[in-house]
Amino acid sequence: MKRLIQIALGLALVAALCAPAMAKKLVVAHDTNFKPFEFKGEDGKYTGFDIELWQAVAKTVGVEYELQPMDFNGIIPGLQTGNIDVGIAGITIKAERQQVIDFSAPYYDSGLMILVREGDTAIKSVEDLKGKIVATKTATSSVDFVKASANAKEVKLFPNNDGMFFELMSGGADAVVFDMPVVKEFAMTAGKGKVKTVGPLYQGQSYGIGFPKGSPLVAKVNEALKKAKTDGTYEKLYIKWFGYAPGK
């Protein structure tokens, strides 16, 4: 009997040692203010396209998780150190980022757009930003674009969307350059009648879900994304948060 108990305890120990990797609750980082992808709703809970898409993906993959809101510029370092298991925050897939983290397949096609005050008639394209003050978001692809293409007098960086939009409306910046869906959403809602978008879509880009290098989740998440697109889940969420179907 004593021998049987020892064997049973041994098996239980082995099971306990093997289980954590499977039973671990994932830490999923997202931006604190990246409407309509992620933002705090009236009930105090975070919601948005990214949040609900991840909910669908996690259900398919069969993983438990906890959401971790944080400034965008902390997400990639968090993935590099392994403090974060997943990052979904409208992260543009870029070669330099692919060197330090892994990405899922693209799940959203975007680009950059210019936002100016409603009465502004001088700025119509990136060329017109020469000598101007431009606001954008820290550690995003828009920073590289503005510095390389705008020849601006000054580039003001903000950790969140509210800061750069307020800077524009208060006169502290002449324009905002940022991701098209976020800029358009602001122009149609909180900034309606105060700001407007101008010019074409610049620097077409795709968003991907981020993971630490070598994460076994990548393949599973890609399969889940594929399922969401084939069973209608993706289109339903897309229409809900952007007001039109993908590709329209």
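**Whole chain.** I am working from a predicted model, and I began with the secondary structure, which comes to 10 helices and 11 strands. For the overall extent, I find that the C-alpha atoms fill a box of roughly 90 × 35 × 35 Å along the principal axes. Of the 248 residues, 46% count as buried, and the accessible surface comes to about 12,500 Å², with 56% of that area belonging to carbon and sulfur atoms.

**Contacts and charge.** I then took the contacts between residues at least 6 apart in sequence, and 70% of these join residues at least 24 apart. Counting charged side chains, I get 30 positive and 27 negative, and the centres of the two sets lie 3 Å apart.

**Helix α9, faces.** Which residues of α9 are buried? I list Leu217, Val218, Val221, Ala224, Leu225 and Ala228. Seen down the helix axis, the buried residues fall within an arc of 125°, so they line one face of α9. On the other side of the helix I find Ala219, Lys226 and Thr230 exposed.

**Helix α9, surroundings.** Looking for what covers the buried residues of α9, I noted that the cover includes the strands β1 (26–31), β5 (86–92), β6 (101–103) and β11 (195–212), together with the helices α3 (49–61) and α10 (233–242). Finally, I looked at what follows α9 and found Gly232, whose phi is positive, near 95°.

Definitions and conventions: Residues are numbered from 1 along each chain as its sequence is written. This is a predicted model: local features need pLDDT of at least 70, side-chain atom pairs count only at pLDDT 80 or more; totals for chains, interfaces and linings use all residues. Side-chain values use heavy atoms; hydrogens and water are left out. Buried means under 20% relative accessible area, exposed over 50%, partly exposed in between (1.4 Å probe, protein chains only). Helices (H or I, at least four residues) and strands (E, at least two) are DSSP runs, numbered from the N terminus. The arc is that of the directions from the helix axis to the C-beta atoms. Contact means heavy atoms within 4.5 Å. Accessible areas come from the Shrake-Rupley method with a 1.4 Å probe; for residues, only the protein chains shown count as cover. Lys and Arg count as positive and Asp and Glu as negative; His and the chain ends are not counted. The place of a charge is taken as NZ of Lys, CZ of Arg, CG of Asp or CD of Glu.
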